[in-house]
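Please read the following report alongside the sequence and the coordinates.

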Amino acid sequence: MHSRIPRAVVAAAAGTALLAGCSDGKESAAPELPASTCFGVFTPAELAPFMGTGDKVRVDSPGDLRLTASRTKAICNIDVDGKPRLTASAERRPAGQEVTWGSEVEKHQPDALPYADNSRLWDSGAAVVLGCTGPTESFDLTLFIDAVPDGLTQEERRPAFAALMKKFMESARQQTGCGA
């Protein structure tokens with residue numbers, strides 16, 4: 001004797017089985033970062049709130065920020081499971097060039113950083129332009145951080161980016177000879 005089960009019931013049962021198979025009850029863990037990353041500036045603990053969960057971390061970054069007249073830019077990109085999580089960049093420019101932040105920054109209703117005059121701070125990043133006097137010439141140094149802050153509450157975001165940028169500025173000044 002053949003019993004006939006309606007197609008809708010079979011489809012619903014199959015869908016439930018597929019969904020159940022996708023979750024083994026374990027939540028993905030935060031990805032493991034190198035001991036020091038992004039030009040040797042940041043630690044895993046400092047970057048953890050921006051990494052989310054996942055398995056595979058890819059860090060694309062030079063080892064340092066030693067910018068010169070011929071090496072004018074350095075970029076660090078961190079992806080988790082193929083998704084961009086953090087970008088930090090430094091660019092050496094001729095001294096005194098006009099700075100325009102652009103609509104991408106201004107649309108976030110940024111504040112100025114409390115410790116840097118020519119700066120912007122928003123809920124997913126920070127930017128600053130430093131006037132530098134090097135050993136042989138003056139130059140400007142533009143620093144930029146943009147990240148996905150889903151590991152932080154709304155109230156924690158700007159203070160977290162301000163702290164990251166402060167550390168980035170200190171390291172960039174030292175590594176580029178800004179103020180030497």
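The text below treats the sheet and then the aromatic contacts.

This is a predicted model, in which local features need pLDDT of at least 70 and side-chain atom pairs count only at pLDDT 80 or more, while totals for chains, interfaces and linings use all residues. Residues are numbered from 1 along each chain as its sequence is written, and side-chain values use heavy atoms, leaving out hydrogens and water.

Six strands form an open sheet with antiparallel pairing in the order β1-β2-β3-β6-β5-β4, where strands (E, at least two residues) and helices (H or I, at least four) are DSSP runs numbered from the N terminus and pairing requires at least two DSSP bridges. Because β1 (57-60) and β4 (119-122) each have a single partner strand, one side of each is left without a neighbour in the sheet. Strands β5 (residues 125-133) and β6 (residues 138-147) run antiparallel and are joined by nine bridges; in β6, L141 is the bridge partner of L130.

The structure holds four aromatic pairs, a pair being rings of Phe, Tyr or Trp (its six-membered ring) with centres within 6.5 Å, called stacked if the planes are under 30 degrees apart, edge-to-face if over 60 and tilted for the rest. Two of them are tabulated here.

| Pair | Centre distance | Plane angle | Class |
|---|---|---|---|
| F39 and F168 | 5.9 Å | 5 degrees | stacked |
| F42 and F168 | 5.8 Å | 55 degrees | tilted |

F39 lies in the loop between α1 (7-22) and α2, whereas F168 belongs to helix α4, 129 residues apart. Ring pairs link F39, F42 and F168 into a cluster, and both F42 and F168 are buried, that is, under 20% relative accessible area with a 1.4 Å probe and protein chains only, exposed being over 50% and partly exposed in between.
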